[in-house]
Amino acid sequence: MSAGTGVELDRLWVRFGEFVAVREASVKIGGGAFFSFLGPSGCGKTTILRTVSGFQDPSEGRVLIGNRDMAGIGPNRRPTALIFQNLALFPLMRVWENITFAMEVKGASKAERRKRADELLELIALTGQGDKFPSELSGGQRQRVAVARALCAEPDVLLLDEPLSALDLKLRQHMRTELRAIQQRVGITFIYITHDQGEALTMSDQVAVMREGVIEQVADGRTIYDDPATTFVASFVGENNCFTGRVARIAGGQALVETPCGMLPARISPTMPGELAKGDEAMVFIRPEVISVQAPKRGQQAGAGFDGVIEEEEFEGPNCHLFVRAPDDRQVKVSLVNRGHGERSAPGVKLRLSYEPTRAIALPKGKLAAD
C-alpha cells in the first residue's frame, strides 16, 4: 500500500448553474496526514470530496494527487477510495467477503482473499470476526469493516464522508480514537468530511473550516480553536460569547474595544487577514471556559470584565454552566469546572465576570456562524 501521497486543490471552483458550491479553494494536504474539512451543511465540503474522488468535475482549477493532475481521470482510475455515510456493506456477504470484494472483482483466489481479509481484520482489531454477517456486528464494528474494505483496494488516499454521523455519541467518540489509530498504523492520507467540531479537532493533523463554498482558515486544531482567523471560525468552532464595539486603543498586541458592556481588552489574533486600527468596528470573543466569577465589589472594578445577574444554571456533571444577563441585556455563558460540593447558583444573584485579556480574541467585525 502506498503511503505519503499528498493532495492539492489549486484554485478550485465548482458551479451548478448559477450556484457556486466551491469558490477558489486552494489547499495543500501533506502525504500521510489526517485532514478534515469542517463546516455546516451546504458549505461545499462534500462537493470537494466528490471532486477529489472524480465523481464531480471542477468548473475551474485543478485537483492534484501525488503531484499528478486528475483532469480526465475517472473515479475508478484514481488512487482513492471513498467511504459513504451509509457504509454500503453487502448484507448477504460475510465480513471477509465484504472486505475483499475488490480483490474478487480482479479475479483473486479465495485463499488470497481470505489471507488479506485476516490481515485487515487484525489491523482493525476484529480478528476472528470474518465469518460473521454485517448484521451480527455493532455499529462501530461495521464502521471498521467499511474502512478495511476501502483499504483492501490499496488506495493512496482514503476519503470519508461523515462516516460517524449515524452513530450515538459514545460510539462516535470511541470511533474517533479507532479511526485515528488505524490511520496512523497504515500511514496513508485520510481526507475527512464532517460538521462535528469534536471529530475534526480530535482526529485531524489539520482542519479546513468552510463557509458558503469558501475555505476560511486552514490550521491545526489548537490554532483553529485558540486563534481563529475570522469571526465565522470563532463563532462556529466551539462556543463563544461575542461582544461588538469600536476599537478605542491598540497597544502591545491587544485591542481595547468599547462595547455596551464596557471597555473589553483582548488579544489581536495573529492569524486574522488584515489589521485592526483605532475607530474600527470589532468583535471580542470570550469563550465560556475562560471566564471566572466573583461577588461584585463596590466602586471601580479592576481587571477585564463586567457585572451580570444569574438567570439560570445547567449542571452537566463535570461542568456547571451559568447563563448570566449582561449590562447590554445579552445572555453570557460561563462554564465552570465541577470541583465537588459546590453550592447551587441561584437566579437573581449578581456576579462579576472576569477574564484574562490574553485569552480573549479581537477580530474585525464580520459574519457569525448563526447569521
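Mentor: Strand 13 and strand 20 (residues 361-364) run parallel and are joined by two bridges; strands pair if DSSP finds at least two bridges between them. Strands here are DSSP runs of E with at least two residues, and helices are runs of H or I with at least four, numbered from the N terminus. Ile268 has Ala362 of strand 20 as its bridge partner.

Before going on, note that this is a predicted model, where local features need pLDDT of at least 70 and side-chain atom pairs count only at pLDDT 80 or more, while totals for chains, interfaces and linings use all residues. Residues are numbered from 1 along each chain as its sequence is written, and side-chain values use heavy atoms, with hydrogens and water left out.

Strand 13 (residues 262-268) also pairs with strand 12 (residues 254-259), this time in the antiparallel sense, over six bridges. Between strand 12 and strand 13 sits a hairpin of two residues.

Now for the nonpolar cores, meaning sets of buried Ala, Val, Leu, Ile, Met, Phe, Trp, Tyr and Cys residues joined through side-chain atoms within 4.5 Å; buried is under 20% relative accessible area with a 1.4 Å probe, protein chains only. The largest has 33 residues, and Ile83, Ile99, Leu151, Leu158 and Leu179 have the most contacts inside it. Helix 5 gives the most to this core, seven residues. Ile268 turns up again in a second, separate core of 28 residues, which also includes Phe243, Val284 and Ile291.

Conventions
Buried < 20%, exposed > 50% of the residue type's maximum accessible area, 1.4 Å probe, protein only.
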